Amino acid sequence: MRYNVAWCITGAGHFLLESFEVFLKLVKNRDVKVTTLLSGAGEEVVCVYGVLDKLNQISPGGYYQEIILEREQGKGFPKAGRLARGTYTALVISPTTANTVAKMVCGIADTLVTSAFAQAQKGNVPAYIVPTDYKEGTVVTKLPTVIDYDVCIGCDTCPPLKKCPSDAIKMVEKPTIDLTLCRGCKTCIDLCTYGAISFGKEIETRVRKIDEDNVHKLSLFEGVTILKYPYEIYDAVSSLDVS
Ligand SMILES: Cc1cc2nc3c(=O)[nH]c(=O)nc-3n(C[C@H](O)[C@H](O)[C@H](O)COP(=O)(O)O)c2cc1C
């Protein structure tokens, strides 16, 4: 029997590509329908990391297989209300920003994703959450497309600026990528003759104690399972299969 899972994406670059890999595998191998819900920031990161097109392979459209965008929903997020009506077997939030974790811990439900979580709790739908900021210390995360200004010499003729299909590169003393416009197509990388542009460069960022504490508080909620890595979603969702 097919079962329905609601997958929420928040505005995190960390674990984003890994979350996509897991869901692509799930829809290929398991009898699962996935509705994808994106917070406003979630939609932005999906664009800048260049995976918007892949979403259609996971949620191709049709009932319980839609892509639901926060900006297309009203202030009450009516589609999140489905979670309270017993139509989903599980809710998965991956990646989950520190911001969304903090809001869920406080019972705030003012975004599509935090509202979906609140409704899932009211409907006794189990929630699987993969936080980006799990334990105080550091995490290594991948950047979207960035310009290395130690290498960029700011050519007047900057080919990436001239040929970016999204017009996302502007001249502000030196070429600058506007991440609100970037679609993560990577066209610019090969066009820069100096090799100043890269995608997926790794950086280390600090995880704050408050974020670790919030994850711990969330783990104590009834019906919530915290997963450390996106790959753990595969077994968690597979085990829900009732066929
Ligand atoms: C490219 C990019 C990557 C980001 N990655 C992360 C991240 O890995 N973890 C995180 O907590 N916030 C990250 N943020 C910040 C969040 O997007 C920001 O806090 C946003 O308000 C979260 O909104 P949401 O929780 O409703 O999705 C990132 C922002 C950008 C622009």
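Trainee: Which strands does helix α8 lie across, and at about what angle does it run to β12?

Mentor: Bear in mind that this is a predicted model. Helix α8, residues 209-219, lies across β5 (127-131) and β12, and its angle to β12 is about 140 degrees.

Trainee: In what order do the strands of the sheet come?

Mentor: The order is β3-β2-β1-β4-β5-β12, an open sheet of 6 strands with parallel pairing. β3 (67-69) and β12 (224-226) are the edge strands, each pairing on one side only. From one strand to the next, the twist averages 20 degrees.

Trainee: And which strands does helix α1 touch?

Mentor: α1 (residues 16-29) packs on the sheet against β1, β2 (32-38) and β4, its direction making about 165 degrees with that of β1. As for β1 (residues 3-9) and β4 (residues 90-96), they run parallel and are joined by 4 bridges. Cys 8, for example, has Ile 93 in β4 as its bridge partner.

Trainee: Speaking of cysteines, how many disulfides are there?

Mentor: The search of the whole structure gives 0. Take Cys 152: its closest cysteine sulfur is in Cys 192, and because the two sulfurs are 6.6 Å apart, they are too far for a bond. The cut-off is within 2.5 Å.

Trainee: Is Cys 152 buried or exposed?

Mentor: Cys 152 counts as buried, at 11% relative accessibility. Cys 192 is buried too, at 15%.

Definitions and conventions. Residues are numbered from 1 along each chain as its sequence is written. This is a predicted model: local features need pLDDT of at least 70, side-chain atom pairs count only at pLDDT 80 or more; totals for chains, interfaces and linings use all residues. Side-chain values use heavy atoms; hydrogens and water are left out. Two strands pair if DSSP finds at least two bridges between them. Helices (H or I, at least four residues) and strands (E, at least two) are DSSP runs, numbered from the N terminus. Axes are lines fitted to C-alpha atoms, for helices over the stretch in contact, and angles run from 0 to 180 degrees between N-to-C directions. Contact means heavy atoms within 4.5 Å. Buried means under 20% relative accessible area, exposed over 50%, partly exposed in between (1.4 Å probe, protein chains only).
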